[in-house]
Amino acid sequence: MTFLPFAIAAWLFAVGLYGIVTSRHLIHLVICLSVVQSSTYVLLLAIGYRTGAGAPIFAETPVGAPVVDPVVQALTLTDSVVAATVTALLLALAVQVHKKAGTFDPDELDILQG
Amino acid sequence: MRTLLPLAVVIPFLAAALLLAAPQSWERRGFDAFAVAAAGSVVVISSVLLADSTRGPMVYWFGGWVPEDGVALGLAFVAEPIALTLVVLAAFLVAGSLVYSWHFFDTSGNLFHVLMLVFLGAIAGFCLTGDLFSLFVFFELMSVAAFSLAGYKVEEEGSLQGALNFAVTNSIGAFLILSGIALVYGRTGALNLAQIGESLAEAPVDGLVITAFVFLIAGLFVKAAIVPFHFWLPDTYAAAPTPVCVLFAGIFNGLGLYAIARVYWTMFDGVLGAELVTLRAIMVGAGAVTAILGAFMCWPQRHIKRLLAFSTVSHVGMFLIGVGLFSPAALAGAIIYLMTDGLVKGSLFLCAGILLHRFSSVDELGCDGKGRSIPYTGVLFLLGGLGLAGLPPFGTFVGRALIGEEAAHLGWPWVTYVMVAASVLTAAPVLRAGARVFWGWGPGADYDQRSEAEGDEEEPETTEARGTTPSLMWLSAAALLGASLAAGLVPDLSVRLEPAAELFLDRRAYADLVLRGVTPNEVPLPPGAPLTEGAVTGVIAALAATVAAGIGLWHAKLPASIRGGISRGLGPAFRGVRALHSGHVGDYVAWLTAGVAILGGLMAATLR
């Protein structure tokens with residue numbers, strides 16, 4: 001078991017957050033949010049991984065053969081469905097903001113203050 | 001009875017799907033009636049279940065996949081009184097705001113109804129589930145419905161930006177939760193809450209458990225809007241459609257705290273139980289900071305919905321104190337407070353919506369004296385302000401007194417002072433705004449004009465004739481307020497929830513119930529003690545709030561030296577804290593990251 005996938009998950013989380021904090025464009029910001037989310041995919045899949053194990057498809061594998069954990073793969077799948085929903089919604093909001101405010105720059109959206 | 005349990009989730013989802021499939025050419029009233037009926041049936045079902053669960057909690061396994069040898073493969077719904085209380089509250093609020101929106105939106109179509117029902121179904125699932133991952137899925141479903149509801153007024157800039165800030169920050173919160181779940185699963189190989197608890201309790205605490213705990217708690221803090229994770233809340237609630245605000249302020253944040261209690265008491269109590277004193281200090285500290293900061297931000301607001309949003313932040317801080325004291329009486333107090341305060345806050349938001357409907361503005365100064373033509377709404381609004389202060393017999397005073405007493409028991413008598421101060425500071429601006437708008441008290445023009453969020457830019461949510469206020473609107477506000485008042489009149493309310501809270505806090509009993517089907521021993525109802533002290537405190541708080549509201553209205557009449565002193569002393573602080581609420585989503589995410597770092601640092605340093 002290597003720590004590399006966990007380090008990558010942490011890196012993706014951090015770099016995505018950095019992107020969101022410094023973003024100057026709402027579309028860029030939404031994509032950065034997807035980067036943060038992809039760190040959770042890496043984390044989930046890394047947790048279920050077993051060295052030398054096959055895919056969890058039991059049709060032709062002999063009984064007792066090692067497979068990777070199918071549960072986390074199911075969780076990742078669910079997670080990506082959630083991601084698609086949230087990203088679509090956010091992109092729609094971003095487009096609508098652009099229609100109304102004429103800008104994609106979060107620095108220029110300042111009507112909610114104080 | 002057990003088979004009714006999934007219906008609390010199935011009915012709203014099914015109704016939402018049917019509504020979506022119905023031809024759009026239907027009469028609007030048909031959609032309204034159908035949605036109200038669906039929400040109403042959830043109220044009935046969950047009330048019946050609640051009454052039944054006080055005699056003994058129930059577990060429902062989907063598809064009959066019951067656990068074998070303490071290993072759960074299936075999904076369970078666990079019905080116990082605290083979860084069901086929240087479901088009843090949610091369904092009641094959804095039904096109330098659907099009735100209210102009968103005259104509120106003029107747009108035809110049924111998307112609003114569909115989203116509201118999905119929101120309700122997700123809340124019910126979130127409360128009832130006994131499984132960590134489905135907790136997350138219901139959480140996300142609820143959040144996505146909430147994002148769409150918050151941005152429902154797509155033609156309005158504030159609403160869009162509020163929804164954007166809401167969606168981005170809460171999604172990051174959800175990713176934190178998911179990371180925490182992944183780590184917990186990696187350690188235990190289980191997703192059932194009870195089974196995770198048993199597995200975690202076998203090993204001593206280590207870095208992985210603490211990291212997972214921090215991720216879960218931080219993610220739920222975002223949802224509950226605990227300082228410094230709270231920045232999204234005022235932006236969203238100020239700009240969201242009023243019927244949606246009722247749900248947001250009434251229950252949405254409370255669910256984050258419910259999940260903290262649920263996750264801690266089923267999963268982490270076994271492994272972190274020895275560190276309870278430290279955890280208590282962290283939670284109560286965070287709650288107190290939130291209560292004070294939210295209350296502090298209330299005072300300078302003139303946009304009434306934003307004012308109510310900050311009072312929500314403050315009150316969530318108080319509920320966190322109740323949850324974070326980690327004791328049955330305080331938890332019971334937090335649930336009672338959450339429920340009664342949510343009803344009052346919901347009613348206040350509905351009154352603000354009536355202002356918006358009538359005058360197209362929720363600006364305290366812009367509406368100066370205009371509200372004289374709607375006296376009933378005025379009475380409800382001012383009564384709501386007193387309810388926020390915890391004036392008996394509003395149920396709010398019971399919850400606050402229970403939390404305060406329990407904190408004093410544990411050696412922290414200052415908690416009561418913090419909570420009373422926060423209630424006074426949140427109630428006073430509400431009373432001030434109410435007296436100015438509905439009675440025309442106080443001078444209007446020379447009030448602090450620097451206020452930025454003015455509240456008169458908001459577009460009307462209706463285009464109906466403005467001459468009258470449909471009686472359904474103020475009647476639904478009255479119903480919510482009346483429910484809160486009635487809750488305070490329930491005999492021995494203070495001890496009603498205590499057996500349920502005892503059970504909630506018993507990890508072993510929960511695991512036995514879920515994994516082995518052992519019904520826990522019935523906890524007898526303790527004798528009710530009169531909350532004389534709490535009632536007196538409530539009256540004092542209401543008086544103090546009234547006096548403070550008077551000062552807010554007529555501060556121009558104070559001697560110049562006092563006024564100068566106040567503005568020199570508090571002015572920079574107000575400006576500083578308000579500047580932090582920049583409306584910029586990047587800033588909010590930076591604060592969120594800092595919050596996770598602080599929380600993680602504190603826990604890593606103290607939990608060993």
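Author: Welcome! Two strands pair if DSSP finds at least two bridges between them. Keep in mind that this is a predicted model.

Reader: Which way do strand 1 and strand 2 of chain B run, and how many bridges join them?

Author: They run antiparallel, and four bridges join strand 1 (residues 58–61) to strand 2 of chain B. Within this pair, Met58(B) stands opposite Ala79(B) of strand 2.

Reader: Are the residues on the two faces of strand 2 of chain B buried or exposed?

Author: Both faces are covered: Ala76(B) and Val78(B) on one side are buried, as are Phe77(B) and Ala79(B) on the other.

Reader: Let's turn to charged residues. How many salt bridges does the structure hold?

Author: The general idea is that side chains of opposite charge can pair when their charged atoms come close. Over all chains, the structure holds 13 salt bridges. One of them joins Asp341(B) and Lys345(B) at 2.9 Å, N to O. These two residues are about one helical turn from each other, because they sit four residues apart in helix 13 (residues 328–359) of chain B.

Reader: Which residue does Arg432(B) meet in a salt bridge?

Author: Its partner is Glu364(B), at 3.0 Å, N to O. Arg432(B) lies in helix 16 (residues 414–439) of chain B and Glu364(B) in the loop between helix 13 and helix 14, so the pair ties together parts 68 residues apart in sequence. Both Arg432(B) and Glu364(B) are buried.

Reader: Why does Arg302(B) count as buried?

Author: Buried means under 20% relative accessible area. Arg302(B) counts as buried because its relative accessibility is 5%. Its side chain makes a polar contact with that of Asp363(B) (2.8 Å).

Key: Residues are numbered from 1 along each chain as its sequence is written. Chains are lettered from A and ligands numbered from 1 in the order in which they are written. This is a predicted model: local features need pLDDT of at least 70, side-chain atom pairs count only at pLDDT 80 or more; totals for chains, interfaces and linings use all residues. Side-chain values use heavy atoms; hydrogens and water are left out. Buried means under 20% relative accessible area, exposed over 50%, partly exposed in between (1.4 Å probe, protein chains only). A polar contact is a pair of N or O atoms within 3.5 Å; within protein, one must be able to donate a hydrogen and the other to accept it, and residues adjacent in sequence count only if both atoms are side-chain atoms. A salt bridge is a side-chain nitrogen of Lys or Arg within 4 Å of a carboxyl oxygen of Asp or Glu.
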